[in-house]
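Please look over the sequence and the structure below before reading on.

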Amino acid sequence: MVNLATGAIALYVAYTYAFLRQGKLVDPIPGLDPTPSIGTGPLGFWPAFALSLVIAGVLGALLYVLIFRPLRAAPAAAKAVASVGVMVVIQALLATGVGSAVVSVSPIFPYHVYEILGSRMPGDRLWFTAVIIVIAIALMLWFRFTRFGLATRAAAESEKGAFVTGLSPQRIALVNWALSTMIAGVGGVLIAPIVPLIPDAYALFIVAALAAALVGNFTKIGVTVAAALVIGMLQSEATYLQGKSWAPQSGLTDLVPLIVILIFLVLRGQELPARGAIIQRTLGLAPRPRGYLVPAVVIAVAGFVSLAVTHNSMRGAIITTLVLAVIALSQVVVTGYSGQISFAQLTIAGVGAFALTRIQFQLHVPFPFAPLLAAVFAMIVGVVVGLPALRIRGLPVAVVTLALAAVLQNLWFNNPQLNGGLGGAPIQDPSIFGIGLGAGSGRSYPHLSFGVVCLIVLLLTAGGVALLRRSRLGAAMLAVRANERAAAASGISVSRIKLAAFAIGGFLAGLGGAMLAYQQTTADVSSYTAMGGLAFFTTAYLAGVTSIGGGINAGIIAAGGIAYTLVNKGVPLWIYVLLIGLLLIGLVQLAWPKLTRPALAVVALAAVAAAVFHHGGIQLGEYYAAISGVLLILTVILNPEGIVGPLQSQLAVLRRGSPRAAPRRRPGHPPRPPRPTGLARPTGWQRRGRLSAASRTGWPARCSRSPAWGCATAAWSPTRT
């Protein structure tokens, strides 16, 4: 599997090493001292380094046992999503406990500049390279000439084969997880004196690491290390070129791993090597909308009333919810319907925001055509992002989208030469026929009129996605998501369906990004980062990425939305008890269905007790990201349909359980016997064919092939004598 949390794990180990050198330990558990003293004073390099690696190994073992062992039968994409949740949790806990201040680490290797072939090279980089090469050689010898290495390769080839030969794939995976986190920790510690330690310092290192691993096909350690060294040298050269007047000031370093990924994924057109698994799970169900009018009226009334009765920050949170729901619906189309995992939807929304400034100030296009043109431009970028999906499928698509998001962020959004930079780009307030529809500023921010505009945009967007789901194009997307080969065999153009999904998703994301820029009155890079795109994907997946309700729910629970604002201001304890209790009830329903009602009673009593004995609100805004990451992991393990999935299941049960009129039968004929258990109900043409055969022979024609259903047919055939 591809562990997208590797950078975050390396960061945690580096923080542990840095604080051990100060005589402290990093404790990520909320509510405790984040940096307690170890009581022995500052440690030297070797004790701190060894203890950091031990902690890394324990962390890797815990991650496997608690998270990835339950997902051992899941597809690689589900494991990657869970690893994103791990990354979010680690970064959030570090940011909360340690803070965002830079932690300095004393040099590990001697610093001396060497002259090699006319180039000046720092000595600490050379020592770092030598250590990595030694570790790579040791790992190659370990996996090639030891029994454990042979067992690891056997388990990687086929888990079934490992079971047959008496090996334990779980134990092998446990040891390898501990070993991999220790190796990541070595890299994190050695690079700590070079890269400043802040909570998001190592997150995007995974892009270049994946590029190197792809060159080695995820199986050849020597080739992977050599590719990593070459990529590092090319990135250093790109950093040098960024100082030239003719080159972009930022983003060239991110182009290097992207080009490598495109070459070794698109040109080769192969998936990542996958382990033989016993069971394969998919995304959750994508329910077909049953109507338009009632949901639209409910959303419109609830949205308008909420906007009308709130003010200032709370109204701003509602508007943010509406806008982020539009962007989340783009994720529903791309991931929930077509099955393409894209981490770039929030960054594509940034394309719409930054394109809006150009359209306003250079083309002088008024509202409402300006955001539509910005959405069209984002749609074009979305198609470009989706082009690699024509040659690859599955998790590699996610890797490419993450690399493209990093390039867009640094090459465009962070580049002052392209209307980007830290100051952002200004946005003019929308107006039509002289009527101002902007968010405004000051004490009246945000205006009700702008909230109504966002509500209308969400209604139109949700209606369009509902039409898409009920259309033939939506059915074709679901067919491609289920099985691309089967879809192609049935006459569906898989390439066109994928591009259509990315185009529609890009348009919706760009439209949402333009509306978010209108709300913020500026296109700010901090709102559309690549790491923000990863976090937004986790939110959409948690809410329910396969349904329209899940997309709207994602806007509610996303950072800056209604739920986040309420939690940040303080929510009564009984609400927390109720939410946690509902989560536990879901676990009980999966494991012990008979205990669901007693669990409901216990949760209700606990919520009532919390409401009676505790007054006032509890603020958990600083832990919101960590809580979201934990919920994402639980969602991947227990409920792929997200938060909205159980609600839709209960509604479906209620619909099926409603009383129906008894079927009318002609007088003189016996009632139809019950359908045998486990057999599908025959279609109309099947019933007609069997009845016509019975009228000719007096006995069902297919009784010998399907005796249970055929004999039941004979019992109520009108010609049976």
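The expected span of a helix is 1.5 Å times one less than its number of residues, and helices (H or I, at least four residues) and strands (E, at least two) are DSSP runs numbered from the N terminus. This is a predicted model, in which local features need pLDDT of at least 70 and side-chain atom pairs count only at pLDDT 80 or more, while totals for chains, interfaces and linings use all residues. Residues are numbered from 1 along each chain as its sequence is written, and side-chain values use heavy atoms, with hydrogens and water left out.

**Overall**

**Helix α25**
- Helix α25, residues 624–638, has 15 residues and reaches 21 Å from its first C-alpha to its last, close to the 21 Å expected at 1.5 Å a residue.
- Among the buried residues of α25 are Tyr624, Gly629, Leu632 and Ile637, and what covers the buried residues of this helix includes α2 (45–68), α3 (76–97) and α21, where contact means heavy atoms within 4.5 Å.

**Helices α12 and α21**
- Helix α12 (residues 312–337) and helix α21 (residues 548–557) pack at an angle of about 140°, with their axes (lines fitted to C-alpha atoms over the stretch in contact, with angles from 0 to 180 degrees between N-to-C directions) 7 Å apart.
- The contact includes Leu324, Ala328 and Val332 of α12 and Ile552 and Ile556 of α21.

Key. Buried means under 20% relative accessible area, exposed over 50%, partly exposed in between (1.4 Å probe, protein chains only).
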